[in-house]
Amino acid sequence: MILSKILLFPYYITLKIRNRLYDKGKMKTYSWETPVICIGNVTAGGTGKTPMTEYAVRLYSQHCRVAVLSMGYKRKGKGFMLVKPEDTADMVGDEPLQIKRKFPNVTVAIDRNRKRGIDNLLALVDKPDVILLDDAFQRREIIPSKTIFLVDYNRPIFKDQLLPLGHLRDLPEQIRRADAVVVTKFPEYHSEWDCEKLRKLTRIKPGQEIYFSKIRYCQPKPVFEQYGDNRYIYSKSAYLFTGVANPRPLQEWLCGSYDEIATAKFQDHHKYTAADIFRIRVYAEKNPLCILLTTEKDAQRLRNNRFITEAMKVRMFYVPIEVEFLNGDETKRFNDYLLEN
């Protein structure tokens, strides 16, 4: 424990100084009259930022024009770009592409420079009434109208460590900058004591809102719509391959539908190579009745993969996920919070 603190001290002190400079107003910041909603965390992957962003898109789209601004992690394109449904994950990133394909009428843009991205969105002819920033909590130069901070139920931030020894990319105390905290991936079966325990573990300050949500898994959909054979959904065996931060909850959910599940785990945002696809194909050929399952984020990276055969496309499906709050009162409370001025 002492050794880890010594190793992390340079990173810790750098973050401490940076945040202190912003807190004291020594660094330049920007704000806008148009509402800018930041959805973020201090954890490297796996808290459910994209499903939460999609939840907010659904809500705001009922009332106004909404735009999403993302970084476009690992994309090849540069600068500001508006995402189109026909784009590839290599060009724009898997998460922005997933949102655009799911909500084709919503403006989705990418830019590592968040100020430039917001300015460009507000310069559009049909400029948005609200802008959602997907993963921008560490961009201290941006002063959002509201900040939604996500914490994974399975990984309380005050029990974690900074990268590379843990999963944190900023100090856990920064949670106190958030306007609202959402604990994600809550278990299906829980008690009020679980909620109270998380309230204490997150160490929220008076006045901060806290909400509890879980993941709802939906019926698998074909990665390749023109090929998918839905009969494979009802197979008794599955091969789950994923390139996301934490596939364990999905694997546990699938245990309720499939008697036998084989798995292959790759790094988050993994680009599938010829060798990876060959590995999947070999298993599929040895198990001709099993379904090939992956995540919706992975599906964006697979659709333009030239190594996937037609025989594999017939049985390759992804599992969509959505955010769901613990009860109707919690849902109304969160929706009202997002929509209030």
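**Entry 1: the model**

I am working with a predicted model. I began with the strands.

**Entry 2: the nine-strand sheet**

I traced an open sheet of nine strands. Its order is β3-β4-β2-β5-β1-β6-β7-β8-β14, and the pairing is mixed. Which strands stand at the edges? I found β3 and β14 (321-325) there. Each has a single partner strand, so one side of each is left without a neighbour in the sheet.

I then looked at one pairing inside this sheet. Strand β1 (residues 36-40) runs parallel to strand β5 (residues 130-134), and four bridges join the two. Ile37 stands opposite Leu132 of β5.

Helix α6 lies across β6, β7 and β8. Its angle to β8 is about 120 degrees.

**Entry 3: the five-strand sheet**

I found an open sheet of five strands, again with a mixed pairing. I read the order as β9-β13-β12-β10-β11. Here β9 (221-222) and β11 (260-265) are the edge strands. Each of them has a single partner, so one side of each lacks a neighbour in the sheet.

I followed β9 to its partner. Two bridges join β9 to strand β13 (residues 316-319), in the antiparallel sense. Pro222 has Phe317 of β13 as its bridge partner.

Then I turned to β10. It is joined to β11 by six bridges, and the two run parallel. Ser237 has Glu260 of β11 as its bridge partner. Is β10 mostly covered or mostly open? It is mostly covered, with six of its six residues buried. Ser237, Tyr239 and Phe241 point one way. Ala238, Leu240 and Thr242 point the other way, and all are buried.

**Entry 4: the nonpolar cores**

I looked up the largest nonpolar core and found 33 residues in it. Which residues have the most contacts inside it? They are Ile118, Leu133, Phe149, Phe186 and Phe212. I also noted a second, separate core of 32 residues. It includes Tyr55, Leu59, Val106 and Leu338.

I went back to Phe212 for its own contacts. Leaving out residues up to four places away in sequence, Phe212 touches Val183, Phe186, Cys195, Leu198, Arg199, Phe325, Leu326 and Glu330.

**Entry 5: rings and charges**

I searched the whole structure for aromatic pairs and got 14. I picked out Tyr217 and Trp253, which are stacked. Their centres are 5.1 Å apart, and the angle between the planes is 25 degrees. What does this pair tie together? Tyr217 is in strand β8 (residues 209-217) and Trp253 in helix α7 (residues 248-254), so the pair links parts 36 residues apart in sequence. Tyr217 counts as buried at 18% relative accessibility. Trp253 is partly exposed at 34%.

I also found an aromatic cluster made of Tyr55, Tyr211, Phe325, Phe334 and Tyr337. One of these rings has a charge over it. The charged end of Lys146 sits over the ring of Tyr337, 4.7 Å from its centre. Likewise, the charged end of Lys115 sits over the ring of Tyr30, 5.0 Å from the ring centre.

**Entry 6: backbone points**

Most residues other than glycine have a negative phi, and most peptide bonds are trans. I listed departures from this.

- Leu163 and Pro164 are joined by a cis peptide bond, with omega about 5 degrees. Pro164 is in the loop between β6 (146-152) and β7 (180-184).
- Lys74 has a positive phi of about 65 degrees. Its place is the loop between β2 (66-70) and β3 (81-82).
- Lys185 has a positive phi too, near 60 degrees. I found Lys185 in the loop between β7 and α6 (192-202). It is buried, at 17% relative accessible area.

**Entry 7: Gly228**

Buried or partly exposed? Gly228 counts as partly exposed, at 25% relative accessibility. Apart from neighbours within four places in sequence, Gly228 is in contact with Pro222, Lys313, Val314 and Phe317. I also checked Gly228 against Glu324, 96 residues apart along the chain. Their C-alpha atoms are separated by 28 Å.

Note on methods
Residues numbered from 1 in each chain as written. Predicted model: local features only at pLDDT ≥ 70, side-chain atom pairs only at ≥ 80, totals over all residues. Heavy atoms only, no water. Pairing = 2+ DSSP bridges. Core = buried A, V, L, I, M, F, W, Y, C linked by side-chain atoms within 4.5 Å. Buried < 20%, exposed > 50% of the residue type's maximum accessible area, 1.4 Å probe, protein only. Contact = heavy atoms within 4.5 Å. Phe/Tyr/Trp six-rings, centres within 6.5 Å; stacked < 30°, edge-to-face > 60°. Lys NZ or Arg CZ within 6 Å of the ring centre and 35° of its normal. Axes fitted to C-alpha atoms, helices over the stretch in contact; angles between N-to-C directions.
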